[in-house]
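Visitor: Hi, I'm new to this one and would like to look around it with you. Could you put it up first?

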Amino acid sequence: VTALTDRCGQADLNVAYFPGTPNPTSPSDAQFKTYDLGLPTGGYPGDYKVCWAFNPTGEADYHVPVATLRMGGPVARDYECTLSEPCKIVVEGVRLAHTSQLLFISQSSQCGDVSPTVVTWTGVNNPAPTDLMVPPANPGYVYGDGDTYDGGLGVAGTPGRSYRVCWGFDPTGGYQDYKVTVGNFVMNGPIQDVVTACTLGKACVVQITGIGLAGTNQLQIVTGTGDC
């Protein structure tokens, strides 16, 4: 499997790399017709050229173009959201489905783990479903070359930079179906549950720490036991 612009048989093929996929690969059946490309968990989605050779010893031996392979999935990049703001995650990709979802986990876990450390923030959808695609009237999939995922609106939880975003095409089997690492994830916002005090007649300064704080941020004091 090589770049679509390559010419099969050239000496310097731009061989595609997908973690979990052997490339080149040999037949996996007794009739020499089936080629098992494994379970790809990364790489750049798009169209690729498939070249064939009878008994190759080098890239220049793959003279025969036998197929065009379209690899679906998300384009890898890092993302961030902010507590108090809608968390809409725009993902570029190929053949993303209406069933596809994003999962936020700790960087101490890996995408595809059976029991990853799943992160929770109050108000955040985790997993995050599609925000744009509508399921088809009949069984099957609706596809899109890109999608927006609805992460909800976080109002509480730990901000930080040590998170990871995973993607699953149709993750009906649990966390292990989120095998594709999209990128790192940052949740911006303040550290909560700070206890502070001021005194009438004296300067009142409240110190807030957190991640991704900005000059546009504001505090509002709520009386009694009112909710924010």
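This is a predicted model: local features need pLDDT of at least 70, side-chain atom pairs count only at pLDDT 80 or more; totals for chains, interfaces and linings use all residues.

Visitor: What else does E12 pair with, and over how many bridges?

Guide: Strand E6 (residues 86–91) is joined to E12 by 5 bridges, and the two run antiparallel. Within that pairing, valine 90 has threonine 148 of E12 as its bridge partner.

Visitor: And how many residues of E12 are buried?

Guide: Of the 10 residues of strand E12 (residues 147–156), 7 are buried, so the strand is largely enclosed by the rest of the structure.

Visitor: Switching to aromatics, how many pairs are there?

Guide: The count comes to 9 aromatic pairs. One of them brings together phenylalanine 104 and phenylalanine 185, whose ring centres are 4.7 Å apart and whose planes are at 40 degrees, so the pair is tilted.

Visitor: Where do those two phenylalanines lie?

Guide: Phenylalanine 104 lies in strand E9 (residues 101–106) and phenylalanine 185 in strand E14 (residues 180–190), so their pair ties together parts that are 81 residues apart in sequence. Both phenylalanine 104 and phenylalanine 185 are buried, and they belong to one aromatic cluster together with Trp121 and Tyr163.

Visitor: What about tyrosine 141 and tyrosine 143, how are their rings placed?

Guide: Their ring centres are 6.0 Å apart and their planes are at 40 degrees, so this pair is tilted. Tyrosine 141 is partly exposed, with a relative accessible area of 36%, and tyrosine 143 is partly exposed as well, at 37%.

Visitor: Which charged end sits over the ring of tyrosine 143?

Guide: That is the charged end of arginine 95, which sits over the ring of tyrosine 143 at 4.1 Å from its centre. Elsewhere, the charged end of arginine 77 sits over the ring of tyrosine 79, 4.2 Å from the ring centre.

Visitor: Last topic, then: what is the strand order in the open sheet of 3 strands?

Guide: The order is E1-E2-E3, with antiparallel pairing, and the edge strands are E1 (2–3) and E3 (64–71), each of which pairs on one side only. Strand E2 (residues 46–52) pairs with E3 in the antiparallel sense over 7 bridges, and aspartate 47 stands opposite arginine 70 in E3.

Technical notes
Residues are numbered from 1 along each chain as its sequence is written. Side-chain values use heavy atoms; hydrogens and water are left out. Rings of Phe, Tyr and Trp (its six-membered ring) pair if their centres lie within 6.5 Å; planes under 30 degrees apart count as stacked, over 60 as edge-to-face and the rest as tilted. Helices (H or I, at least four residues) and strands (E, at least two) are DSSP runs, numbered from the N terminus. Buried means under 20% relative accessible area, exposed over 50%, partly exposed in between (1.4 Å probe, protein chains only). A charge sits over a ring if NZ of Lys or CZ of Arg is within 6 Å of the ring centre and within 35 degrees of the ring normal. Two strands pair if DSSP finds at least two bridges between them.
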